[in-house]
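Dear colleague,

Please read them with the model open beside you.

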Amino acid sequence: MDKKYLFKRNNVWWVKLAVPVYLRDKLGFDLRKSTGEKDLDKAIHMRDSIISELKLKFQDNSESNSSNESNLSNKTTYFDYASTTPVDERVIEKMKQCLSFEGAFGNSGSRSHIYGWKAEELVEQARSNVSNLLNCDPREIIWTSGATESDNLAIKGAANFYQSKGKHIITSKIEHKAVLDVCRQLEKEEYEITYLDPDENGVITPQAVKNAIREDTVLVSLMHINNEIGVVNDIEQIGLITRENGTIFHVDAAQSAGKIPINLKELNVDLMSFSAHKIYGPKGIGALYIRRRPRVRLQPLFHGGGQERGIRAGTLPTHQIVGMGEAFKIAQEQMQMDYKRLTDFRSILWNGLKDMEEVYINGSIENSFPGIFNMSFNFVEGESLIMALKNIAVSSGSACTSASLEPSYVLRALGRPDELAHSSIRFSFGRFTRREEVENTVNLVKNSVSQLREISPLWEMYQDGIDLDKIEWA
Amino acid sequence: MAYSQKVVDKFEETLKNPKGASVGRWKPGDKDYHRVGTGIVGAPACGDVMKLQIKCENIDGDNRIVDARFKTYGCGSAIASSGQLIDMLKGKTLEEAQNISNQEIVDILELPAIKIHCSVLAEEAIHRAIDDFKSLRNND
């Protein structure tokens, strides 16, 4: 007999329903109601209607919650979507179906029974969801643990496989560490790496690639959207150059997949890295696109049970994969709408702040993804601004927020003076950002910046007309 | 990084009421400017600049710091460290002020290891301000 949600007290059956975490402050850990029945069968009969009745209370409380939402003072606004995103509820639902005994918990590698077949079917469905978004063949998608692994597999895998062709690799100074640190490692293995400079807006121009490419260049690795400044590289044009030279082209698309259109049939990209958690999927899952025609081959990093055609061994995490597939499917449906909202948000913020003195955009508005907006407020240190904006979760290129005490290498590569790099803030918006959160932020930023300038000796000197570059700092 | 409540409180108090927290300056031409010593330490490129001013009076033969003002560009703990230093300075003789160590600021604000340089900056600032004040005396 299924006694789910039921418990017995004083010989009478009661219903007990767990309260969602976000309502526990109001409702406690669970809601209880008596069925009034001593007989289990009769109690089971009443159970569903009592559960629905209790669930109404969740709704009532959620709604009264949302009517308070315009009052932001006690909440923290999340403007750090470029760092990670919350998982979409629709994704969570799908993932939950792949874990328990009732769900598709099987090993997708098990060929001898229905548990394995079911898991395999879901994994392949998810693979199609991913390949649909990117317009490629599902067989060109390999599951990994995330974009960092994809970058490692792509760069090391291609460099090692094709080393007889040459040992020169081109990348840029503003790549993610998952690419830069792999390149540093390859330098120790006697590969020669060219680190391209971006132009002043942060773009790696096709011309820069053309100038650097050589006969022995085996790989070019560049990002699609820069994670700090949102600038978009022209991977279509760069792909023409690499293809002509017979060089493999790897693109880190962790920030761009599902946010701007990617059509791999039209692009001369050979390898592309993806992450789920940047697009409302779970952490710990990603993928690598490996072109079939012309075929690109990689030396694997992991060896084992031969999963993913031997390129990436390891039991496939069905729930993670299904989560990524669902996230990519939703992204495909919502991309245009999401993009439009983000463009609005960026305009609201920039229009609200652009008339302040000594405010700079890092990157450019014209050529960038609107979900990432990086600004510098001169004479105000970034970490102190973040601290002043205590109800807004943002990140900074300031040294003080990093363990290294160095300001952002990306902003320095743009040619920004160190003090502007120290004064930078990245706002990144996403699917769950509300318009009023952005509107409220405008005034909060204005107030905090002017408060901090009030106590800044640099602002004082600037106001006095002193040229800070001419001072000999101790 | 999570700061101690003390850093957060000091920082917010400074932002909310800068005058009350001794944010400000004396500038050339002010009435008592000849009794003010100024120390500026740090550099914009390093993300920290602290400007400290002390106003001294000769009381019973000792030069005492009767008032102090600061402005700081830097992270939250640099701003909190400056404010803390100001609290510690007022009323002290120059000799006593010279002996203030950065460790006292670290202890009071419970600064994390990576932020100890903020307290060092504060210690350097008071040394510079005292030197500046003494050089003014010598020029008299």
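**A charged surface patch and its loop**

On the surface, a patch of positive charge is formed by Arg292(A), Arg293(A), Arg295(A), Arg297(A) and Arg309(A). Patch members have over 30% relative accessible area (Shrake-Rupley, 1.4 Å probe) and no salt bridge, like charges being joined within 9 Å, with Lys and Arg counted as positive and the charge of Arg placed at CZ. This is a predicted model, in which local features need pLDDT of at least 70 and side-chain atom pairs pLDDT 80 or more, whereas totals for chains, interfaces and linings use all residues. Residues are numbered from 1 along each chain as written, chains are lettered from A and ligands numbered from 1 in the order written, and side-chain values use heavy atoms, without hydrogens or water.

Arg309(A) sits in the loop between strand S11 (286-290) and helix H9 (318-353) of chain A, where helices (H or I, at least four residues) and strands (E, at least two) are DSSP runs numbered from the N terminus. Pro294(A) belongs to the loop between S11 and H9, and the peptide bond joining Arg293(A) to Pro294(A) is cis, with omega about -10°. Glu308(A), also placed between S11 and H9, has a positive phi near 50°.

**Salt bridges**

The count over all chains is 39 salt bridges, each a side-chain nitrogen of Lys or Arg within 4 Å of a carboxyl oxygen of Asp or Glu. One of them joins Lys33(A) and Glu53(A) at 3.3 Å, N to O; because Lys33(A) lies in strand S3 (residues 30-37) and Glu53(A) in helix H2 (residues 40-67), the pair ties together parts 20 residues apart in sequence.

Notes:
Patch = residues over 30% accessible without salt bridge, like charges linked within 9 Å, V, L, I, M, F, W, Y side chains within 5 Å.
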